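Hello,

Here is the structure you asked to look at. My notes follow it.

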Amino acid sequence: NPVYNVSGAPVMTSTRSYKLNDVRNAIQQAGVSLGWQMKDVRPGLIIGTLYVRYHMAKVEIPYDRHTYSILYRDSDHLNYDGVNIHSNYNSWIQNLSAAINARLNML
């Protein structure tokens, strides 16, 4: 399966008065709720790492007030060959994106 990236997904919220930090918190909380380790690199960039048994997946999550992305960064034991990856990886990313969207909707 080709690596699934989320690129420039819209930040959908129920309010217009939210701040960049609210987007950051939504992404952080979504990741943590699914077992990801979420590291603040700088405003606008979070690195997420997930360990499942002997698998490891690492993603970059750049974000601003209007969009966010989830981009492949690194992995272990997921058969990544530069294009394709284990199907578990893609489902983890889809779950993470859905959780982020759900948190953003609550803003």
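Asn-90 sits in helix α2, which covers residues 87-105. Helices (H or I, at least four residues) and strands (E, at least two) are DSSP runs, numbered from the N terminus. This is a predicted model, in which local features need pLDDT of at least 70, side-chain atom pairs count only at pLDDT 80 or more, and totals for chains, interfaces and linings use all residues. Residues are numbered from 1 along each chain as its sequence is written, and side-chain values use heavy atoms, with hydrogens and water left out.

Is Asn-90 buried or exposed? Asn-90 counts as buried because its relative accessibility is 9%; buried means under 20% relative accessible area, exposed over 50%, and partly exposed in between (1.4 Å probe, protein chains only). Apart from neighbours within four places in sequence, Asn-90 is in contact with Asn-1, Pro-2, Val-3, Tyr-4 and Ile-85, where contact means heavy atoms within 4.5 Å.

The buried residues of α2 include Tyr-89, Trp-92, Ile-93 and Leu-96. Among the elements that cover the buried residues of α2 are β1 (6-10), α1 (20-33) and β5 (67-76).

The protein has two helices and five strands, and along the sequence they follow the pattern β-α-β-β-β-β-α. Of its 107 residues, 40% count as buried. Among contacts in the protein with a separation of 6 or more, 52% are between residues 24 or more positions apart. Along the principal axes, the C-alpha atoms fill a box of roughly 45 × 20 × 20 Å.

Regards
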